[in-house]
Amino acid sequence: LNLRIWEQEYIYREVIRILDTKEIQVCICWGSHLLEESIFKEAEHRKINTCYYLTNPNMKGKDNYLLKNANHIWTDSQATKKLYEDDLKSNFMVMPKFIEEPKEKMEEIKSSSLIKKCLFVNPTLYKGFEAFIEISNYFTKTKNDIRFICVDSRSQLKKSLNDLKISLNQLPSNIEIKAATKHTDKLFRGISILLLPSLWHESGSRLIYEAYTRGIPVIAFNTGGTSEMMNHFKEDIFSPPNIKLENGVIRVINWSPDSLCKRIQYLLKDKDLYDQYSKKIKKYYDDLNLASKCDKALKEITNLLIKSNQE
């Protein structure tokens, strides 16, 4: 939350104005900054229901006033609920993912060749940037024509390169760096596989379902809630590498990308095979019927909040 003092004051005063003029029944938060805590405490003072949306492992073991005092806690995976359930006593509810359907229709593959591009988003070390480099290196050494798109969604690439003590020019030549985009359709356009090599507890990356709704396979490490979202495609889930901390920097040790890379090669070796697998993924996502599950969850939450207000 990189806001200046006067910006935080404006936000706080606007929140107070809204609370004074609107009948607010729920205050939802998800961080730990002083501005958020101030707003949260104001909601508490007005006896407004407070909810904390918990989707990463960063709050584990930390003295977070908002998390400890929220009336309700929502999360997006059973794995995250299990991670925290011994520490937290509030009503803990697992919410389904709210995924926006693609505005662009899935491209029909009519060309004689298959596009061979893998997407990796957010090149931070805990998101698996070092493993991503090793995967890319594998295909450089084998002189394969698969390309890798790295989207620097949070402008962390420079820091990650510094932590790894390498320069941009030292990255494998098959990696293309792209800037962030707000448009999900643009992010996935022309992509064949999504790579999710996260090293930390990945609560439930929405990128998985955003890929699935487009029929795009996901290759991922089995961390956090990833397996919950990918349990019908276990062949695409791989054990994460061993890691160590070097001066506070997370590093991959003793890991070979061979099995993961062979899976990528298999999926991209034949156009008909890929098309069939893509249709299977799209059907799986459609059958999930997330819109109905989200509607049901919202009704449960509404009833829970109404009951809390009555009490």
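Mentor: Before we begin, two strands pair if DSSP finds at least two bridges between them, and helices (H or I, at least four residues) and strands (E, at least two) are DSSP runs, numbered from the N terminus. This is a predicted model, in which local features need pLDDT of at least 70 and side-chain atom pairs count only at pLDDT 80 or more, while totals for chains, interfaces and linings use all residues. Residues are numbered from 1 along each chain as its sequence is written, and side-chain values use heavy atoms, with hydrogens and water left out.

Trainee: In what order do the four strands of the open sheet stand?

Mentor: The pairing in this open sheet is parallel. Strand 1 (26-29) and strand 4 (91-94) have a single partner strand each, so one side of each is left without a neighbour in the sheet and they stand at the edges.

Trainee: Which residue of strand 3 is the bridge partner of leucine 54?

Mentor: Strand 2 (residues 49-54) pairs with strand 3 (residues 72-75) in the parallel sense over four bridges, and strand 1 and strand 2 are likewise parallel, over four bridges. Cysteine 27 has threonine 50 of strand 2 as its bridge partner. For leucine 54, the bridge partner in strand 3 is threonine 75.

Trainee: How many of the six residues of strand 2 are buried?

Mentor: Buried means under 20% relative accessible area, exposed means over 50%, and partly exposed lies in between (1.4 Å probe, protein chains only). Strand 2 is mostly covered, and the number of its six residues that are buried is five.

Trainee: What order do the strands take in the open sheet of six?

Mentor: The pairing is parallel here as well. Strand 7 (175-179) and strand 10 (237-238) are the edge strands, each pairing on one side only. Strand 8 (residues 193-196) runs parallel to strand 9 (residues 218-221), joined to it by three bridges. The order of the six strands is 7-6-5-8-9-10.

Trainee: Is serine 198 buried or exposed, and with what relative accessible area?

Mentor: Serine 198 is found in the loop between strand 8 and helix 8 (206-212). With contact meaning heavy atoms within 4.5 Å, and leaving aside its neighbours within four places in sequence, serine 198 is in contact with Tyr126, Lys127, Gly128, Phe221 and Thr223. Serine 198 is buried, and its relative accessible area is 1%.

Trainee: At roughly what angle do the axes of helix 10 and helix 11 cross?

Mentor: Axes are lines fitted to C-alpha atoms, for helices over the stretch in contact, and angles run from 0 to 180 degrees between N-to-C directions. Arg263, Tyr266 and Leu267 in helix 10 (residues 258-267) meet Leu273, Tyr274 and Tyr277 in helix 11. The axes come within 8 Å of each other, and they cross at roughly 100°.

Trainee: What is the radius of gyration of the chain?

Mentor: The chain comes to 12 helices and 12 strands, and its C-alpha trace spans about 65 × 45 × 35 Å along its principal axes. The radius of gyration is taken over C-alpha atoms, and the globule rule is 2.2 Å times the number of residues to the power 0.38. With 311 residues, a compact globule would have a radius of gyration near 19 Å, and the value for the chain, which agrees, is 22 Å.
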